[in-house]
Amino acid sequence: MVPGSPIVAAPPPAAATAPQIAAPHVTSPHVTSPLVPAMLREYGAMTRATLDRYLAAGEPRRYLYDLAADYPARGGKMMRPSLCIAAARAFGASAADAVGTAAAIEMLHNALLVHDDIEDGSEARRGRPTLHAIHGVALALNAGDALALMSLRPLVDNRDRLGDRTALRILEEAGRMAVECAEGQALELGWRDANVTALGPANYLEMVLKKTCWLATIFPLRAGALIATRAPISHDAFVRFGFLLGATFQIQDDLLNLVADERYGKERDGDLWEGKRTLMLIRLLGQAPPADRERLTAILRVPREARGPGDVAWMRAQIDRHGCIGYARRYAHGLAGAALHEFGRAFGPLPDSRDKRFIRELVTWVVERT
Amino acid sequence: MSDGQRYRRADPDRDGPLRNWSKMMRPSGSAAASTGSATPSAPADPHDASANGADPDHVADDTVAGDIATAYRVIDEHLRAGQRAAEDRAGGRAAGPSSDAAGAAWKAPATAAPIAAAGLEDLIAQGMRFYSIMVPLWTDFIAAVTASGAAGDFAGALGRAMSQAPGASDRRAAAIAIEVTSCRPAEVTLDLPAPAIAGALTIAPLRALEPDRPPLAEVALVVGATDGRTILRVRISDTHPPGLYTGLVVDRLSGEPRGTVSVRLGQ
C-alpha cells in the first residue's frame, strides 16, 4: 500500500449476490491507527490475566503444563480475543462478559499453532524454536491436545455469567468453528500431499475462510455479538465482514512470510519450503510458462526435506518475476475495501464507540502490519 | 421541435458500470507503486495493463472488481451451504429463529438420518435443561430439609435454588433499570419480552394519539457507566402536555420491533 493512501469502503460488484445496500464511501480516518495497537495491548492484557488462571501450573509441569503455557507466554498479536471483547462491548456488553470467551479463543489458537507447526514441519514460532523442535513431536502434540481441551473450560464457565442458554449457543458456535478450522487445514495439507496445482483464487479463499477466518475473525465477532445481544438475530453480516477481514489478514500474513524482516518471528520463506498454496504461489502456477510450471510442480512434489535452498530461491525469484507479490497486495487491498463496506452493514447502526472504531481500523491495520 | 429535427443525446463514453473506486486507494499516477515488486523484466501479464496497451486504471478496476466478486461468490456459497446443512439437520423443518445461514451450527453427518440426529439433539438439550434446573433445586431442597427438618424451609430453599440455578443470570441480564426525570407524576411501562442489551436496541420517540401533542424524544436505552447495567432513561420537560405516550423498542440491526415503551404523564 502506498503510505498515506486510505483504503476505501468498496461495495461488492454488481455481479455479487450480496444484497446491494448503499454504503457510504468513507475513507479510513487513520491509516496508521494508534487506537489498534493500544486496544490490542489493553484487551490482550485482560485476556492474558484470564488465560493465566486457566493455565495455572499443575503436575506434570515438565511434560505438560509448562509446554501448554509456552506459546501463550511468547506473546502474540492478541487480535482474536481483542476482536471478541470489542464486538461484545460495541453492542453494549461489558468486557468482563466476554473475556472468558476471548481466553478460550486464544487458547484454541495456540493449540492449533502447536499442531500446525508439527504438520508443517516449521522451525520457528514467535521468534523462538517451535515447541516440537524443543520437546519432540510426541510431547508437543500432547500439549496441543491439552490446550485445545482446556479451551472448553472458559466456555463452560460462561454459564455463571451469561446463563445456560447463551453459554450453550457459544459452545455450539465454537463447535462449528472447530470443524471449519479442521476442514480448512485438511484442504491445505491435502493439496500439498497430493501436489494439487490446479488451483485458483476461489479455492484459496475457500480454504482461508475455513482455516483462518472462522477462528481469527468470524467466531470472535459472532460470539461477541451473541454475548451482548443474547437475542436471536442473524449474524450473517459478521460472517461476511469476518471473512473479508480474515482473508485480508491471511494474505498479508503470507506476504510477510516472503518479505518481512526479522521482527516477523517465523521462518523466512517458510511457506515456500513447506510448499504452502498461498495466493502468490497459486498466481505463479497460473502465470508461469509451461517449462517453469513443470519445474515448479516437480519442486512441490518432493517433501520439504528433499527441497534445497536453490529450489526455494528459484521459486522466490519466479514470484518476483511474475509480479505475484504485487498481485497479492492488490488482492488484499480489494478485500480490505470490501471489508470496510461490510463493516458498515454489520456495525453501522450501532452508536459510535471506541470499540466500534477499533474494529473498523483493524481492517487497515491488518494490511499495514509488518 | 417544430422543424421536425430530433435532439439526440451523445453516446456515452462507456458501455458498462463505472467501478473505479479503487482509484481512490492510491494517489493518481501511483499505480505502479501499488502493484508491488514486479520487476522490469516481468513477462507480459493479462493483468499488466502496460503490456497490452490498456488503460492501467481501467484494467486494475476490473481486476479488483473481479477479485471481490470471487470473494463474494465464495462466502455466499458458504452461507448457502450452512443454510442447507441447517435444513438437513432439521429434517426439512425451517431453521429456527435463532438460526442464521452461517451459524446453522453443525453439519449433519452424511450417513446419519437427519430426523434421528435432530431427535437425539433435542433429547440431549431436554436432558441438559432438566439437569441444569433440577440438580440445584434438589440439592438445596435436601440441604434445607436435613438442616432444619422443617417443611416450612422448603419454600426458602426453593427460592434460593431458583435464584442460584444456572440460567438465573439470564434473568438478571434481562433486568433493566428505569431512570425518569420529571417534575410531574409519570408511570413508565417497558414491555420487552426477550433479554436485551442497550447497544443492540433503540427507541423511537414516544407519541400520543393526539397529533397536536409533541413526542417525547428524550427516551433512550443506555449502558450504565459504572456497572454496565442497561438503563431506560426518560427525561420529560416541565411543559410537556399530559397524556399517554407510546413507542417501539427496535433492534438496530434488523429494524424489527422488540418491545414497547409507554409513559403516562400526569398533570
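This is a predicted model: local features need pLDDT of at least 70, side-chain atom pairs count only at pLDDT 80 or more; totals for chains, interfaces and linings use all residues.
You'll find Arg126(A) in the loop between strand 1 (124–125) and strand 2 (128–129) of chain A. Its phi is positive, about 50°, although Arg126(A) is not a glycine.

Asn195(A) is another one to look at. Its phi is also positive, near 50°, and again the residue isn't glycine. Asn195(A) sits in the loop between helix 9 (164–193) and helix 10 of chain A, and with 13 C-beta neighbours inside 10 Å it counts as partly exposed.

While we're on backbone: the peptide bond from Glu59(A) to Pro60(A) is cis, omega near 5°. Pro60(A) belongs to the loop between helix 1 (35–54) and helix 2 (61–68) of chain A. As background, most peptide bonds are trans, and most residues other than glycine have a negative phi.

Okay, on to the inside. The largest nonpolar core has 134 residues, and among those with the most contacts inside it are Ala328(A), Leu335(A), Ala339(A) and, from chain B, Ala71(B). Helix 10 (residues 201–229) of chain A gives this core its largest share, 17 residues.

Now helix 16 of chain A, residues 324–347. It spans 34 Å from first C-alpha to last, close to the 34 Å expected for its 24 residues. Of those, 23 are buried, so helix 16 is largely enclosed by the rest of the structure. Further along in sequence, Ala339(A) touches Val363(A), and its other contacts include Phe241(A), Leu244(A) and Thr248(A).

Conventions
Residues are numbered from 1 along each chain as its sequence is written. Chains are lettered from A and ligands numbered from 1 in the order in which they are written. Helices (H or I, at least four residues) and strands (E, at least two) are DSSP runs, numbered from the N terminus. The expected span of a helix is 1.5 Å times one less than its number of residues. A residue is buried if 20 or more other C-beta atoms lie within 10 Å of its own, exposed if 12 or fewer, and partly exposed in between; C-beta atoms are placed from the backbone. A nonpolar core is a set of buried Ala, Val, Leu, Ile, Met, Phe, Trp, Tyr and Cys residues joined through C-beta atoms within 7 Å. Two residues are in contact if their C-beta atoms, placed from the backbone, lie within 7 Å. Lists of a residue's contacts leave out its neighbours within four places in sequence.
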